[in-house]
Amino acid sequence: MEEKDLKSLNIRTDLVTDIIPNVKTNIIENIYEKDNIKVSNITLDKESAKLIGKKKGIYTTIFFEDITDKDNYNKVLNILIKELHKIISKTSLKKDYTSLIIGLGNIKSTPDSLGPRVIENIIVTKHIYDYYKSLEKGYKITEAFAPGVKATTGIETSDIISSIIKLEKPDLLIVIDALASDSIDRVCKTIQITDAGINPGSGIGNERKEISYETLNIPVIAIGVPMVVDAVTIVSDTINYMEKHFSYNIKNINNPINKLIPSSMQNYLKEKDLNLTSNEKTYFFGKLGNLTNNEKRSLIFDVLTPIGNNLMVTPKEVDFVIDKLSNLISTGINNTIHEINI
């Protein structure tokens, strides 16, 4: 397999499932669906990991539409707990392992505050164990910390974590961070879990030191949710949606139902196989219409970047959604580690 320079494709993402479609690989993706939630499981060996610019390991990705109502929240939570149990069970941890939970990010920046907000709801027990020398049945020794960001502390985050690990000697490190995606469909609707560790800020080009088994010598599980996309992604995805919208209108031009429903209320994505012909693409978009997705992204990148308009964007309701997501992840971690039902 030939290694692909992903930087040439202007892909700004932390999600393995975003990268694979852009590279010709033999990577096997196992997918299952439950309660309208899709789960992808990918295992990267050394060769395939190098090919897509990631570390080898297990990458589990949970895709969902909504967690703002109780029903959907609980469905996603159950799958999150199940997948966390699976990935932890593949480590060689003893039964009563001790855990350090780290929330990466900047609490003062809402899209980057996922990690610190998760830490606020983690059940911490180390201080209780230190005092009583025992815990109630089902609970494990757990510590939690939000180290902030280098721009605030002046200290490399991985150095802070390394120092804590040398002092406290936990058996397992769980790291939570906000991610970037190259698809607007993924933002706030995806959770990636991996045992490969993390490079904070890699998705937005602000890469910090690696946090992984190789650098810390204990198992590291990283949990992340994409909270931002760049303007290139938004423009590119919008062009693709326009193509599907035009295709839908062409297919349904004589459908009497559509005459009663305003076009702004028609969810055209519910219909499958919405593709324009080459001539239709040229008719609607001119020469732009027949560019590949990577060519379109590259063009948009070249247009926006020199003038400083390739902004990182987050949804307007991010304050509300991040509260739900942080509660979901903290509850998932609490239930998984402590083997209790919260």
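How do the residues lining the largest pocket divide into nonpolar, polar and charged? The lining holds 10 nonpolar, 12 polar and 17 charged residues. Bear in mind as you look around that this is a predicted model; the mean pLDDT of the protein chain is 88.

**Confidence**

- Across the protein chain, 91% of residues have a pLDDT of 70 or more.
- The pLDDT falls below 50 over residues 1–7, a stretch that has 16 contacts in the model beyond near neighbours in sequence.

**The largest pocket**

- The volume of the largest pocket is about 1,300 Å³, and 39 residues line it.
- If you want to centre your view, Ser183, Asp185, Arg186, Tyr241 and Lys244 are the lining residues nearest the middle of the pocket.
- Several elements each give at least two residues to the lining: α1 (16–19), β2 (37–44), α3 (70–89), α9 (231–251) and α11 (293–304).

**Helix α9**

- Helix α9 is built from 21 residues and spans 30 Å from its first C-alpha to its last, close to the 30 Å expected at 1.5 Å a residue.
- Its buried residues are Ala231, Val232, Thr233, Ser236, Asp237, Ile239, Asn240, Tyr241, Glu243, Ser247 and Tyr248.
- A helix of this kind makes a turn every 3.6 residues, so positions three or four places apart point the same way.
- The packing partners of the buried α9 residues are β8 (220–230), α10 (278–285) and α11.

**Around α10**

- Phe284 sits in helix α10 and is partly exposed, with a relative accessible area of 33%.
- Apart from neighbours within four places in sequence, Phe284 is in contact with Phe246, Ile250 and Leu276.
- Between Phe284 and Met242 there are 9.5 Å from C-alpha to C-alpha, although they are 42 residues apart along the chain.

**Two loop residues with positive phi**

- Asp35, in the loop between β1 (29–34) and β2, has a positive phi of about 55° although it is not a glycine.
- With a relative accessible area of 41%, Asp35 counts as partly exposed.
- Asp273, in the loop between α9 and α10, likewise is not a glycine and has a positive phi of about 55°.
- Asp273 counts as exposed because its relative accessible area of 61% is over 50%.
- The C-alpha atom of Asp273 is 8.9 Å from that of Ser247, which is 26 residues away along the chain.

**Two buried residues**

- Gln192 belongs to strand β7 (residues 190–194).
- Gln192 is buried because its relative accessible area of 6% is under 20%.
- Setting aside neighbours within four places in sequence, the contacts of Gln192 are Asp14, Leu15, Val16, Tyr59, Thr60, Thr61, Leu179, Ala222, Ile223 and Gly224.
- Gln192 and Val39 are separated by 153 residues in sequence, and their C-alpha atoms are 9.8 Å apart in space.
- Thr125 is found in the loop between α4 (114–119) and α5 (126–132), and this loop residue counts as buried at 3% relative accessibility.
- Not counting residues up to four places away in sequence, Thr125 touches Leu135, Tyr139, Lys140, Ile141, Thr142 and His338.
- From Thr125 to Glu143 the C-alpha distance is 6.7 Å, with the two lying 18 residues apart in sequence.

Definitions and conventions:
Residues are numbered from 1 along each chain as its sequence is written. This is a predicted model: local features need pLDDT of at least 70, side-chain atom pairs count only at pLDDT 80 or more; totals for chains, interfaces and linings use all residues. Side-chain values use heavy atoms; hydrogens and water are left out. On a 1 Å grid over the protein atoms alone, a cavity is a set of points where a 1.4 Å probe fits but cannot get out, and a pocket is an open set with protein on both sides within 12 Å along at least five of seven lines; lining residues have an atom within 4 Å of a point. Grid points are joined across faces, edges and corners, and a volume is the space filled by probe spheres set on the points. Helices (H or I, at least four residues) and strands (E, at least two) are DSSP runs, numbered from the N terminus. Ala, Val, Leu, Ile, Met, Phe, Trp, Tyr, Cys and Pro count as nonpolar, Asp, Glu, Lys and Arg as charged, and the others, Gly among them, as polar. pLDDT is the predictor's confidence in each residue, from 0 to 100. Contact means heavy atoms within 4.5 Å. The expected span of a helix is 1.5 Å times one less than its number of residues. Buried means under 20% relative accessible area, exposed over 50%, partly exposed in between (1.4 Å probe, protein chains only).
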